[in-house]
Amino acid sequence: MKKGYIIAFAVILVSTITAIMVVRAQEPNEDQQETTILDAMPNATIYQDSAITQLMEDHWTGRVRGEIEMQGWRVQIYSSNNQLVAKQEAEALKKQLENELTEPIYMDFIQPFWKVRIGNFRTMEEARTYRNQLVQQFPELQAESYPVRDVIKIKQ
C-alpha cells in the first residue's frame, strides 16, 4: 500500500517539475502575461488516492489546532502479535485505562504487533517517571511497561 503512495507521489512530483521547467523555458513577451502551470497544462488531470488527501487534511488540521509532531517518548504497556486476540485485548486495555488516566492513550498496529502506548513525553526521564507512577496505580502493568521512542504530538 505504501509503495502505491510513493509511486503516486513520484508521478505528481515529476509532472509538477516538468511543468515548471516548461513554463520557465517560455519567456513572456512584453505583450504576453506570465504563464502559470495550470495555463501551460489546461487539460491536465491529476488522479490521487483518497488516502493521500486524508493524510494532507490530517496534517493541516493538526497545524490549525497548534499541534506539532516530533520525536519523543511514550510508555508502552501492551504488545502482542497473537492474531486471534491481540486487537481485542489492546482495545479492552485502552478502554479500561481511558476512564482512569489523563494522558492520551494510543492503540497502533505496527505489523505484526498491536501496541498500546501512553503519553507524549519529550524526554526519556519524563516517560520513566510517568511509568513509575503508572505501575504504582496499576501493579499488573509492571512486567510489560517501559519507555519507547515514538513520534509524539505536542501543543504549541
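Colleague: Why does R117 count as buried?

Modeller: Buried means under 20% relative accessible area, exposed means over 50%, and partly exposed lies in between, with a 1.4 Å probe and protein chains only. R117 has 8% relative accessibility, so it counts as buried. Please keep in mind that this is a predicted model, in which local features need pLDDT of at least 70, side-chain atom pairs count only at pLDDT 80 or more, and totals for chains, interfaces and linings use all residues. Residues are numbered from 1 along each chain as its sequence is written, and side-chain values use heavy atoms, with hydrogens and water left out.

Colleague: What makes the pairing of the R117 side chain with the D150 side chain a polar contact?

Modeller: A polar contact is a pair of N or O atoms within 3.5 Å; within protein, one must be able to donate a hydrogen and the other to accept it, and residues adjacent in sequence count only if both atoms are side-chain atoms. The two side chains make such a contact at 2.9 Å. The D150 side chain has another polar contact, with the side chain of R74 at 3.2 Å.

Colleague: Is D150 buried or exposed?

Modeller: Buried, because its relative accessible area is 16%. D150 lies in strand 4 (residues 146-155), while R117 sits in strand 3. Strands here are DSSP runs of E with at least two residues, helices are runs of H or I with at least four, and both are numbered from the N terminus.

Colleague: Which residues is D150 in contact with, leaving aside its neighbours within four places in sequence?

Modeller: Contact means heavy atoms within 4.5 Å. D150 touches M70, Q71, G72, W73, R74 and R117 on that basis. With sequence neighbours within four places again set aside, the contacts of R117 include R74, Y106 and V148.

Colleague: How do you know that the buried residues of helix 4 line one face?

Modeller: They are A86, A90, L93 and L97. Seen down the axis of helix 4, they fall within an arc of 65°, so they line one face; the arc is that of the directions from the helix axis to the C-beta atoms. An α-helix has 3.6 residues a turn, so residues three or four places apart point the same way. The cover over the buried residues of helix 4 includes strand 1 (67-80), strand 2 (105-110) and strand 3 (113-121).

Colleague: What span does helix 5 reach, and what is expected?

Modeller: The expected span is 1.5 Å times one less than the number of residues. Helix 5 has 14 residues and reaches 20 Å from its first C-alpha to its last, close to the expected 20 Å. Its buried residues are A127, Y130, R131, L134 and V135. Seen down the axis of helix 5, these fall within an arc of 140°, so they too line one face. Strand 1, strand 3 and strand 4 are among what covers them.
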